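The entries below follow the order in which I looked things up.

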Amino acid sequence: MVEEKQHQSEKYPESELYRIRHSAAHVMAQAVVEMFPETKYTIGPPVENGFYYDFDLPRTLTPEDLEKLEKRMRQIIAGRHKFERQVLSAEAARQIFKDQPYKLELIAGLEQGGFDEYGNPLDSKPEISIYVHDSFTDLCRGPHVEHTGQINPSAVKLMNVAGAYWRGDEKNKMLQRIYGTAWKTPDELKQYLWQLEEAKKRDHRKLGKELEIFVFDEEVGPGLPLWLPRGGVIIDELEALAKEMETKAGYKRVRTPHLTKEDLFIHSGHLPYYAESMYPPMEMEGVKYYIKPMNCPMHHKIFASQPHSYRDLPLRLAEYGTCYRFEKSGELFGLLRVRSMQMNDAHIYVPEELFEQEFMAVIDLYHKYFEIFGIDKYIMRLSTHHKNGLGKKYVDNERLWLKTEEMVRRAMDNGGVPYHEVPDEAAFYGPKIDVQIWSVIGKEFTLATNQVDFAQPERFNLTFINKEGQEEMPLCIHRAPLSTHERMIGFLIEHFAGNFPVWLSPDQVRVIPITDAHNDYAVRLANQMQVEGIRAEADLGADRMNAKIRHAQLFKVPYMLVVGDREMADGVVSLRKRDGSRADGMPVGEFIALAKGRIATRSREL
Ligand SMILES: [Zn+2]
Ligand SMILES: [Zn+2]
């Protein structure tokens, strides 16, 4: 919880780490320019966990170069050179960077307004400034540390070199991007490097295959995962959890088709704007049909199919809906970026006066899930509109924008929910909340987006009769706390490193007979547990006992029960848990009670 609070009070661009990393990027650029005086340098911003700088160099960098650069950076750092800022005219800046064509291009952008010194779009016309330290000068608006000595030389590391096109455009020249990382202390650096190593081991693409959870098949197509039986179990458990929680929270379940006429998406406004994220239409009997990229319009139709009074609201329609979105092949990534997805979707139709309470109930649901999965670091990002975008990027209704944004802020503040506010990033039809979560090793995932929507209810003419007997438009909350199965399971595999809690484990119990003579007893035990709702299996294979144990360990089965003569005679089991702990001679009934308890409470304990 402490970490959340820090996150709330400190925005990254205003943090000391940001200044350290930005300053380290300048120091690195100085070292590169010294190594290759003909260097043309471009931009070097801080990024999450570090920084980079893109260079146009006479030759390709080698790992040895990085070592030399790192060494030189430490010398520059030791020099305690001051970072000094100067504001200047475009003409003066052009003089300074006359041999730096990329900088000249950036200066032109700054001079004309509309772009910052990284070439990113900007609302206002910025001041042109440079930062100078030692022998290096950069076009830069800061911020920096006071002097290079404030960068800890033992907490900086150059990580790797990658190709990057100038301005991200493949028509431009390919540059060399050096990635570095910088922290306040060597311990923080060590921790970060450990996390990277651990993240490789936990990679869901690797573990998903080893644990037989999902596969991709060339003939089925990229981005379209096939869930194996073990993955199917995880999906069923997540759906059971969602249904249980949603039923308690007053949701009603609906089902909608995967296909719909073009008209629906024209009506919703997704066509033509969203067309490039949709699969192309198919035509039958002269009518165009689309495969759905989202469930919302169908839920709106369900709402509209019946008259509603204020007594029926909030109406919460839930569905694990399957959607298809087109993602470019190059952007697909394991389960985290896919083309077919099963979404923990729901749309809540709520009168304005009940909005805050309903919104907090949704946030509460998130917290319950976070508790179950042991997610203790998260942040919600509230994206709001910008006046200039009204009628273009955003629905032209300033009153409702201001009102709904204020309602969300108040709900978050009153509920003590940590959040950042990001202006000018909202969805077309209302403010949205992006939920970022961190796995136990500190890897960040975007879990889901919650949206407040006042545009779709209007488009679909959704109304209810209020207490005064008049027609009123409800607000709509789009929410998906468990995200999609694809994204959620991708996260969970890495979060637990495949060691799922008992309730979520595809295999819960493996009974391992010591010899063939104990097979019958093993089968009887497994059957007894299956009847009790435990996923148990007896391993009757030809392998020796030790090989069977290793196999169960490989699949990260929470409980192994080894049975031989003694166990058979006494009606007991020898329990070996996944974490290596053991209990010999445990009465069968006692073990079953233990396992059932863990499952029923969705405990993370073994
Ligand atoms: Zn800079
Ligand atoms: Zn929706």
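**Largest cavity**

I sorted the lining of the largest cavity by class and got 5 nonpolar, 2 polar and 3 charged residues. For the classes I took Ala, Val, Leu, Ile, Met, Phe, Trp, Tyr, Cys and Pro as nonpolar, Asp, Glu, Lys and Arg as charged, and the others, Gly among them, as polar. The lining consists of Leu-211, Arg-230, Gly-498, Phe-500, Ser-505, Pro-506, Asp-507, Phe-555, Lys-556 and Val-557. I note a volume of about 70 Å³ for the largest cavity.

**Conventions**

This is a predicted model, in which local features need pLDDT of at least 70 and side-chain atom pairs count only at pLDDT 80 or more, while totals for chains, interfaces and linings use all residues. Residues are numbered from 1 along each chain as its sequence is written, chains are lettered from A and ligands numbered from 1 in the order in which they are written, and side-chain values use heavy atoms, with hydrogens and water left out.

For the spaces, I used a 1 Å grid over the protein atoms alone: a cavity is a set of points where a 1.4 Å probe fits but cannot get out, a pocket is an open set with protein on both sides within 12 Å along at least five of seven lines, and lining residues have an atom within 4 Å of a point. Grid points are joined across faces, edges and corners, and a volume is the space filled by probe spheres set on the points. I counted 2 cavities of 30 Å³ or more by this rule.

Which atoms coordinate the zinc ion (ligand 1)? I find His-22 (NE2), His-26 (NE2) and Cys-140 (SG), at 2.1 to 2.4 Å. Donors are N, O and S atoms within 2.8 Å of the metal (3.2 Å for Na, K and Ca), and water is not among the atoms, so sites may look incomplete. The spacing of the donors along the chain is H-x3-H-x113-C. His-22 and His-26 sit 4 residues apart in helix α2 (residues 16-35), so about one helical turn separates them. His-22 counts as buried because its relative accessibility is 1%, and His-26 is buried with a relative accessible area of 1%. Buried means under 20% relative accessible area, exposed over 50%, and partly exposed in between (1.4 Å probe, protein chains only).

**Zinc ion (ligand 2) and strand β16**

The zinc ion (ligand 2) has Cys-296 (SG), His-347 (NE2) and His-478 (ND1) as protein donors, at 2.0 to 2.2 Å. Their spacing in sequence is C-x50-H-x130-H. His-347 in strand β16 and His-478 in strand β23 are 131 residues apart, and the pair links distant parts of the chain. I find both His-347 and His-478 buried.

I then checked strand β16 (residues 340-350), where 11 of 11 residues are buried. Strand β15 (residues 315-324) pairs with β16 in the antiparallel sense over 10 bridges; two strands pair if DSSP finds at least two bridges between them. Met-343 of β16 is the bridge partner of Gly-321. Strand β23 (residues 475-479) runs antiparallel to β16 and is joined to it by 5 bridges, with Arg-479 of β23 as the bridge partner of Ala-346.

Apart from neighbours within four places in sequence, Glu-358 is in contact (heavy atoms within 4.5 Å) with Pro-314, Arg-316, Ile-348, Val-350 and Ile-477.

Lys-328 lies in the loop between β15 and β16 and counts as exposed at 55% relative accessibility.

**Second largest pocket**

I note about 1,200 Å³ for the second largest pocket. It is lined by 38 residues, and those closest to its centre are Tyr-274, Met-294, Arg-325, Thr-449 and Gln-451. β20 gives the most to this lining, with 5 residues.

How values were computed
Helices (H or I, at least four residues) and strands (E, at least two) are DSSP runs, numbered from the N terminus.
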